[in-house]
Amino acid sequence: MTFHQPPPGTDGDTRLIRTSLPLLREDPQDCPRGNALRARPLVAQTPERPRGKPLEDFALGPVMRTLDLIEYEGMDPQVASRRLHGSTKCHPGHASWAEMAVRNYLAAREAAESDRRALGRPTTTPVRVQWTAIAQSPDGAPDERGAVRYERTAWGRRYASADGSERELWLLSVNAVKEDRPLAEVAEAAAVTATGVPTRAAFGDIHRPVGGNTVPPRQIRVIGVSCGDGRHTVLADWDSDRTAHDFALHAKPVLARVAEGDRLNPGSGCERCEGLTSCEQPSRVYGLLGVPGPRRPRKRRSVSATDLRVHSRCPAQFHLTRVLHLRSGEPESEPVRRGRAVDDWLNEQHRQGSCRGAVVPAALPGLSEAEQPPALAMLAHHLLDCPLDGLRPEEQVRVQPRLTAYDPELDVLLIADPDLLYTRSGGWIWHETKTAARRPWEGRELMETYPQLPFAVLLMAAGVPGGDPRRSLIELEILYEGSSGCEEIDPGDPETQAEARRIIAELAGPWAIDETYAPKPGGHCAGCEVLSHCAVGRSHLEAR
């Protein structure tokens, strides 16, 4: 896509194209047009949208700031880490995790340097300035994309040998080491490390070169490190020739696609898109959550039914797991593993058309021998009545599609991922599949038990995903070891809509105005995956 002028609803200078490593992942959930606009960092929504946030919402933010104090300012690590707990902008659980993450990172760095010494390679020390690969139009004339300047960046922590012959870039991840990064991302990280010049950045400005060692390195290393456990792995250890070759082969074509992307694919990326207010997608819904806005203007957010359920159970758990995406290193529970294994197998069958003629496998990946029989029994029950059996060839089938709607009044994106979405006689069928140890809804309304259902009712009533509303339906399939059941909900029924509005408003009201995300201890603390970073939860369990 070309941006010789800012898109409607935005303003700024389109002549700078700046790319970062996440743009090279080509995630199917991303929006190509949104990424192309994201690569024009001097273009912003107009009038300016709120960008305030009551608490830090980037997990690695306080980690990086603390490492800056240690590596650039020479501050004692214990003193620097204690500062985390004095910040009013950092959730207490986040501060606890960040303190652990800093320790893990420093331990990984020490181990890596020890390995370097054992191999006879030079020591590396921290580099404060950024490395930016810059290309400028010699005559100042815009190219076919409307750009006169290209900047390529690679976010991480930078190190170099004293003589500049070796450079390292450390790529931090929150939980596990990302060993499956796309080749394009690794090649670009190495290329920016190899060719980037020292720069300083300022908001709303180009990256301006500053003094520093500009001798091109002979050897480049890219290292992935997990702040969750300190594990690290070498993703690239290349000389300059190998780096240039892999950049041209893997990264350069992706960069071109990013700069020129034009396909719309609304989803979570809309949350940060400067062009959302004037974009023809996603669908607009007004007042769907049935709640007033926050007390103070704040940055755009997205929310799903699962988000609302987790926030209702414990706001602290919501912030730590759903916003910051923190995870413990503890094994998942049997129900979670079983549900994922069953879902994965069913999704693969549904992508092939239906379960007709399928045979229950001898075993499912990721489950122990004792866990296999209940899961396989659930599959057998589904095969008896797969919703896609007998569906006419001309009908549409979408497996785990991402549905997105936008409420301009709240500046909130509504996200839903049905297990299955298919058409039937002009209407859409929204199908949810749940696994349980036993029939779960006795004594409680279905929509109270599963907030995905009232969320689906309100979205379908608002025209998402479309189709003939008189023929649209919501199905809930419950699979449990002894049997199975399927319940139907009519999203067009006025009483059903009223009940859905009540349930969602009760869940969304506290979420919409929350600015502290305080812990709400209870029986759920025992299975909380961030319990080790929640003093309130631990105290609650000790007092029982």
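**Entry 1**

I take angles between helix axes from 0 to 180 degrees between N-to-C directions, the axes being lines fitted to C-alpha atoms over the stretch in contact. The model I am reading is predicted.

I looked up helix 7 (residues 305–313) against helix 8 (residues 315–323) and found an angle of about 135°, with the axes 5 Å apart. Angles over 145 would count as roughly antiparallel and those from 65 to 115 as roughly perpendicular; helix 7 and helix 8 are therefore oblique to each other. From helix 7, I listed Thr306, Asp307, Val310, His311 and Arg313 in the contact. Helix 8 answers with Pro315, Gln317, Phe318, Thr321 and Arg322. Sorted by class, this contact has 3 nonpolar, 4 polar and 3 charged residues.

**Entry 2: helices 12 and 13**

I then turned to helix 12 (residues 452–461) and helix 13 (residues 494–513), which pack at an angle of about 120° with their axes 8 Å apart. That angle makes helix 12 oblique to helix 13. I recorded the crossing of helix 12 past helix 13 as left-handed. On the helix 12 side, the contact residues are Pro454, Phe455, Val457, Leu458 and Ala461. They meet Thr496, Gln497, Ala500, Arg501, Ile503 and Ile504 of helix 13. By class, I noted 8 nonpolar, 2 polar and 1 charged residues in the contact of helix 12 with helix 13.

**Entry 3: the largest cavity**

The largest cavity holds about 90 Å³ of space. Its lining has 15 residues, and those nearest the centre are Cys314, Cys525, Cys528, Cys534 and Gly537. The largest share, 3 residues, comes from helix 8. I sorted the lining of the largest cavity into 11 nonpolar, 3 polar and 1 charged residues.

**Entry 4: the second largest cavity**

For the second largest cavity I noted about 50 Å³ of space. I listed its lining as Asp343, Leu346, Asn347, His350, Asp419, Leu420, His431 and Thr433. Helix 9 (334–351) and strand 19 (427–436) are the elements that give two or more residues to this lining. Helix 9 provides the largest share, 4 residues. By class, the lining of the second largest cavity has 2 nonpolar, 4 polar and 2 charged residues.

Definitions and conventions: Residues are numbered from 1 along each chain as its sequence is written. This is a predicted model: local features need pLDDT of at least 70, side-chain atom pairs count only at pLDDT 80 or more; totals for chains, interfaces and linings use all residues. Side-chain values use heavy atoms; hydrogens and water are left out. Angles under 35 degrees count as roughly parallel, over 145 as roughly antiparallel, 65 to 115 as roughly perpendicular and the rest as oblique. A crossing is left-handed if the near helix is turned anticlockwise from the far one by less than a right angle, and right-handed if clockwise. Contact means heavy atoms within 4.5 Å. Ala, Val, Leu, Ile, Met, Phe, Trp, Tyr, Cys and Pro count as nonpolar, Asp, Glu, Lys and Arg as charged, and the others, Gly among them, as polar. On a 1 Å grid over the protein atoms alone, a cavity is a set of points where a 1.4 Å probe fits but cannot get out, and a pocket is an open set with protein on both sides within 12 Å along at least five of seven lines; lining residues have an atom within 4 Å of a point. Grid points are joined across faces, edges and corners, and a volume is the space filled by probe spheres set on the points.
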